[in-house]
Amino acid sequence: MKTKARIAIVGAGKIGRVHMAHAAREGELAGVADPSADGRQAAEAFGVPWFDSCDEMLARLRPDGVVLATPNRLHAPQALACIAARVPVLVEKPLADTAEAAREVVVAARAAGVALLVGHHRRHNPLIAAARAEIASGAIGRLVAVNALCWFRKPDSYFEVPWRTQPGGGPILTNLIHDIDLLRHLCGDVASVQARSSSLARGHAVEDTAAVLLRFANGALGTMTVSDAVAAPWSWELTAGENPDYPETSASCYTIGGTSGSLSLPDLGLWHYEGAADWAQPISRKVLTRQGGDPFALQMRHFCEVALDRAVPLVPGEEGLATLDVLAAIRRAAETGGEVKVPPPLGLAVPPAAGVSLSSHSKAGAP
């Protein structure tokens, strides 16, 4: 029986190198595909074969799994190539550059019976597992309201790259997608959205700030604001301590409220009344315990298990598509000023948290 999964990485940029390191630790790095000199050097540094393209790699190498860490526009065609070769594939977020392309990839993976995963690594964070379990236990009662802050200040030098000042390069697509995915994972499917965006702070063609109203399928309401022009400590990167590139703060950025209690994240503070729920009575806080672990390492460990057919995907293609559908609805709502409905999921491979009573999760599916 094979004990280590042989994982190939396509794309040798910053996130690609992160995947290379974890693949070498959690399994076996089988090869690197990237046409650049950096790609060749990365392969040489790890002592593995180098390939000019994903197609060349698939033609000459038979890995147990492939990670795609390439530009968004390449995700769909490269994922389809892996699926055609019947190789399990983990695609960095977003699954594709459009919801239509993502849907094509998901349908192809289902038809071929090939495992398709999306790199929403935050779901692998042990604190998210602890929060999801607490909600599922009924500790906060029926979900009523959700709030998420995604505020941070990108330096002016960040915008010296031209595409970052153009539509599609703003924080809705590049940053908020992570938060949308986590709220879906914790609170359930989103039925419709309303949104407003602004470029007041910088005056670029792309937004620097947006406000979103979410209506969840279970009836709960949520608000999210995102800005890459605010000097603030309230974003997942700055509060969760996942990434050493960002100095950790002691703040929280999510609050999830129910009829019996509320939960703040990422500090895992559970607020509840000892007696009757009454705002005139004292309310107490306890901090939930959780295990440690690097989400990227845990994601790769999980992918290795999936590649060896020993586990089912935690974040399958259907989930990546559903999150992308919400993102597309937010962008349309910001453009039109109206309420935009979110397409129903193709089928759920990840069961909902029991405590949120999601009628929209009545259909179970598998990739």
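A residue counts as buried when its relative accessible area is under 20%, as exposed over 50%, and as partly exposed in between (1.4 Å probe, protein chains only). Phe-159 is buried, at 11%, and Tyr-158 counts as buried too, at 19%.

A quick word on the source: this is a predicted model, where local features need pLDDT of at least 70 and side-chain atom pairs count only at pLDDT 80 or more, while totals for chains, interfaces and linings use all residues. Residues are numbered from 1 along each chain as its sequence is written, and side-chain values use heavy atoms, leaving out hydrogens and water.

Now for the rings. Rings of Phe, Tyr and Trp (its six-membered ring) pair if their centres lie within 6.5 Å; planes under 30 degrees apart are stacked, over 60 edge-to-face, and the rest tilted. Searching the whole structure turns up three aromatic pairs, including these two:

| Pair | Centres apart | Planes | Kind |
|---|---|---|---|
| Tyr-158 and Phe-159 | 5.0 Å | 75° | edge-to-face |
| Trp-236 and Tyr-254 | 5.3 Å | 25° | stacked |

Trp-236 and Tyr-254 are both buried. Their pair links distant parts of the chain, with Trp-236 in helix H9 (residues 236-240) and Tyr-254 in strand S11 (residues 254-258), 18 residues apart. Helices (H or I, at least four residues) and strands (E, at least two) are DSSP runs, numbered from the N terminus.
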